[in-house]
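These are my notebook entries on a single protein chain. I set down what I looked up, topic by topic.

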Amino acid sequence: MLLMCSDLKKSFGVDEILTNVSFILEDREKAALVGVNGAGKTSIFRMLTGEWQPDGGSITRATGLQIGYLPQTTSYAGQHTMYDELDSVFEPLRQTERLMRELERDMSTQSGNELEATMKKYDKLTAEFEKKRGFEIQSRIRGTLKGLGFTESQWQQPMQELSGGQRTRVALGKLLLTEPDLLLLDEPTNHLDIESIIWLEEYLQSYDGGVLIISHDRYFLDKTTTKTIEIENKKSTVYNGNYSFYTAQKAINRETAQRQFDDQQKEIKRQEAAIKTIRSFKTEAALIRAKSREKLLDKMERVDAPEILPDQIRINLTPKTQTGKDVLSIDALSMAFDDKELFENVSFELKKGDKTVLVGPNGVGKTTLFKIILGKHEPKSGTIREGANLHIGYYDQVNQNLTLEKTIFDDLADTYPTLTQTEIRNVLGAFLFSGDDVFKPISMLSGGERGRVSMAKIILGGANLLILDEPTNHLDMFSKNVMEQALRNFPGTILCISHDRYFINNIATKILEMNPSCITEYAGNYDDYYAEKQKRANRVEDFAMSPAESKPQSTAKNEWQRKKEMESLERKRKSRIERLENSIKEVEEKIADRDARLAQDEVGRNAELAMELLEEKYELEERLLELYTEHMEIMSEI
């Protein structure tokens, strides 16, 4: 067991945040902490780390438990580069390595018992260094930075030059390399593109420690967790399964509880009616029977009514006008900033009713493409043709369409002066802003609340093309479900950027994958897109082929040729892996031979020979590191 929470309570002044939270995390267990925004999930993390103390209940931690915590944002901005920041994790190993080098120098001048004592100390340090994977430091840092979506050209950037999202990614990488017994991750996928999220999923699946995750990324939770702890109405409920299991089981449990409650209420009413009828006879025997029934009714164990679910957004998206069949046509669009090419040759079409999701790595220019379509940026080249009656509604992931100095109501009223107060209040009510809440200054709202106001402005605009940049980023899971349903039923057209694969699966009819040189179109949702990418990845069009040969071919001859090339490539890789493994074995045997010879008495009495053997061993260890690195790179390609 890593830790156990028993009946945790937490309040701020008179406001109770949590009243009864209990759960257990076992060794290597991966669990999700879910609930609506404001349910108290981050408060639980702060209590687990010891930053806050619970007002009631207890937290029992395993002896010596090391906890690593990733908050949603980090403000750290030192002079170190991001590479140095990750390398700092290994400072204790670096100290061990420096001490090993000092011992090597000492042994070159020692002899006899002194040399033997130094050699024993050296062997002990070397064994410890190898056990802690000291020879893999460089490859581990490189693999983590690549996995988190950083290119090699970024590795030497100072932390102070990075964006908030990049700093959070560096903090995540540093935490993963620290390898604590328990990882507490608060929205770890917020600043990751899909490829980096997939890398993180695979990392966490094989992680030796425990993991507790707060995330609104339902696909990510399905892939990484086997337990779900729900915080609802200030209490916890534990489900022994991933997010999809939790949602299905929660619905079943609620339906069962409601049925049991309804059945008991019917029985209570039936008994009360029977008692009333019996009493109406007004005889002594009738009164005795009535009292007996009343006692039985009083002893009945009452079933509680299911608790009221949290409010959800209620959205109805209705365009004021309809577009024609052709909504938007993008042809050979290119963009550059200060002569630095961002993307080129971007071409695609949107037809009426398309639900299109734009995906691609961070920094490829997806948001810039949206701003070109909206007329906020001028492209380097290419054309944009709009269809008839086009009316665009734009959702910006940083909510730049809001006026921070205004109240919620005033911002909407000033944007749409022809709307009545009732019309504005009805839409705001659908987004959970009621009563005096509508007069809150926008500057005082949370990110999620600002997102809801932005979406309300789009609804009031009656757009027939919705251009949405990460629309689910600040929504809780319940609100995401309602948003997805509304977008699926939207009779207009949607172009959306999203890294939320669960969301993409639920709304997309087409995927556009963007890279710096073109856009590739895939039919269907995320699962269809991923399956097709896997199919294409299995071909060898990207290996040892000219551009002409890489064009799709349909003849049996070309299919046979591709198959043969793929088999040849596979044979080459297997052959190289086999040679590398033989070389690794050979070098390891040589290192073992040097260790054995260094332990011999006659070598201990010959300082020159001992130093020669140490130098050979050091060179062999360097060679072994090179072989391991190459082996890992080829395995990654496979």
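Is F45 buried or exposed? I looked up its relative accessible area and found 0%, so F45 is buried. I note at the outset that the model is a predicted one.

**Entry 1. Overall dimensions**

I recorded 638 residues in the protein chain, of which 44% count as buried. The chain holds 20 helices and 18 strands. Along the principal axes, its C-alpha atoms fill a box of roughly 115 × 75 × 55 Å. I then turned to contacts with a sequence separation of 6 or more: residues 24 or more positions apart account for 70% of them.

I went through helix 1, residues 41-49, and listed K41, S43, I44, F45, M47 and L48 as buried. After the helix comes G50, with a positive phi near 90°.

I next searched for ring pairs and found 14 aromatic pairs in the structure. One of them is formed by F45 and Y69, with 5.8 Å from centre to centre and 90° between the planes, an edge-to-face arrangement. F45 belongs to helix 1 and Y69 to strand 5 (residues 67-70), so this pair ties together parts that are 24 residues apart in sequence. I checked the accessibility of Y69 as well: at 23%, Y69 counts as partly exposed, since the cut-off for buried is under 20%. F129 and F135 are both buried.

**Entry 2. Further rings, and charges over rings**

Which tyrosines do ring pairs link into a cluster? I found Y219, Y522, Y526, Y529 and Y530.

I also looked for charged ends placed over rings. That of R169 sits over the ring of F150, at 4.3 Å from the ring centre. That of R452 sits over the ring of F433, at 4.8 Å from the ring centre.

I examined the pairing of strand 10 (residues 326-337) and strand 11 (residues 340-351), and found them antiparallel and joined by eight bridges. Within this pairing, M335 has F343 of strand 11 as its bridge partner. The two strands make a hairpin with two residues between them, and D338 in the turn has a positive phi of about 55°.

Strand 10 also runs antiparallel to strand 13 (residues 381-386), with five bridges between them. There I noted E386 of strand 13 as the bridge partner of L328.

What is the strand order in the open sheet of six strands? I read it as 14-15-16-12-17-18, with mixed pairing. Strand 14 (392-395) and strand 18 (518-523) are at the edges with a single partner strand each, so one side of each has no neighbour in the sheet. From one strand to the next, the twist averages 15°.

I looked at one pairing in detail: strand 12 (residues 355-359) and strand 17 (residues 510-515) run parallel and are joined by four bridges. In that pairing, V359 is bridged to E513 of strand 17.

**Entry 3. Helices on the sheet**

I followed helix 11 across strand 12, strand 14, strand 15 (465-469), strand 16, strand 17 and strand 18, and noted a direction at about 145° to strand 16. Helix 14 (residues 447-461) also packs on the sheet, where it touches strand 14 and strand 15; its direction makes about 180° with that of strand 14.

Why is helix 11 largely enclosed by the rest of the structure? I counted six of its eight residues (366-373) as buried, so the description holds. The buried residues are K366, T368, L369, F370, I372 and I373. Just after helix 11, I found G375 with a positive phi of about 85°.

**Entry 4. T493**

I located T493 in strand 16, residues 493-497. Its relative accessibility is 0%, so T493 counts as buried. A polar atom of the T493 side chain lies 3.1 Å from the backbone nitrogen of G353. Neighbours within four places in sequence left aside, I found T493 in contact with V327, L350, K351, K352, G353, D354, N464, L465 and L466.

How values were computed
Residues numbered from 1 in each chain as written. Predicted model: local features only at pLDDT ≥ 70, side-chain atom pairs only at ≥ 80, totals over all residues. Heavy atoms only, no water. Buried < 20%, exposed > 50% of the residue type's maximum accessible area, 1.4 Å probe, protein only. Phe/Tyr/Trp six-rings, centres within 6.5 Å; stacked < 30°, edge-to-face > 60°. Lys NZ or Arg CZ within 6 Å of the ring centre and 35° of its normal. Polar contact = N/O pair within 3.5 Å; in protein donor to acceptor, adjacent residues only side chain to side chain. Contact = heavy atoms within 4.5 Å. Pairing = 2+ DSSP bridges. Axes fitted to C-alpha atoms, helices over the stretch in contact; angles between N-to-C directions.
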